[in-house]
Amino acid sequence: MFTHVDIDLGKDLETIRSADYSKHTLSAIHSNIVNPEYDYAPSLCKENTTIQQLWWEKELDLTAVGKQLGMFVITASSILLPPGNVIPWHTDTFVKMKGLHPERNDFVRAMIYVTKYEPGQVTQIRNGTGLETYTNWKPGSGYLIDDTVPHVNINGSNEPVITINYSGFILDK
């Protein structure tokens, strides 16, 4: 499942954008963010797969975002991808979600851009019909995916990319 989305982040936009990410640094390939079965090139290392991730609990309006996305949001985390770093090809594993709701297998994630696009920033997504390259985004735009959609995030710019990732499941209509 893959679809483009546009939402209004409202007052949450500045909360996410101005947060202190500096104390929450990890390597995308040395964490549960990417799939252990992917065979990554040796040149992908801690120094060029660095992310800074924050988990949000009560600070954001998850109900309002969930209504806009048509989903029940269970978790929210923001990721700052520094210049010169990449989150290599992966599918989302929903580790935290599976721990919270082991009875479910229909998780989705909305990845929403918080920062405006800068040249050199790219997301690519294999959407079943080919490869989609995503650039020129605006804050509040992004995509909704499930655990079958491989994607990569690249920051070859001089500015960080910040996204907010809302995880949960689609509401029945």
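Hi everyone, let's start with a question: in which strand is the place of Q121? Q121 sits in β7, residues 121–126; helices (H or I, at least four residues) and strands (E, at least two) are DSSP runs, numbered from the N terminus.

A quick note on the model. It is predicted, so local features need pLDDT of at least 70 and side-chain atom pairs count only at pLDDT 80 or more, while totals for chains, interfaces and linings use all residues. Residues are numbered from 1 along each chain as its sequence is written, and side-chain values use heavy atoms, with hydrogens and water left out.

Back to Q121. Why does Q121 count as buried? Because its relative accessibility is 0%, and buried means under 20% relative accessible area (1.4 Å probe, protein chains only). A polar atom of its side chain lies 2.9 Å from the backbone nitrogen of E118, and one lies 3.2 Å from the backbone oxygen of E159. Beyond residues up to four places away in sequence, Q121 touches, among others, Y134, W137, I154 and P160, a touch being heavy atoms within 4.5 Å.

Leaving aside neighbours within four places in sequence, I164 contacts residues including L9, W56, A76 and I112. Thanks, all!

Methods
Buried < 20%, exposed > 50% of the residue type's maximum accessible area, 1.4 Å probe, protein only. Polar contact = N/O pair within 3.5 Å; in protein donor to acceptor, adjacent residues only side chain to side chain.
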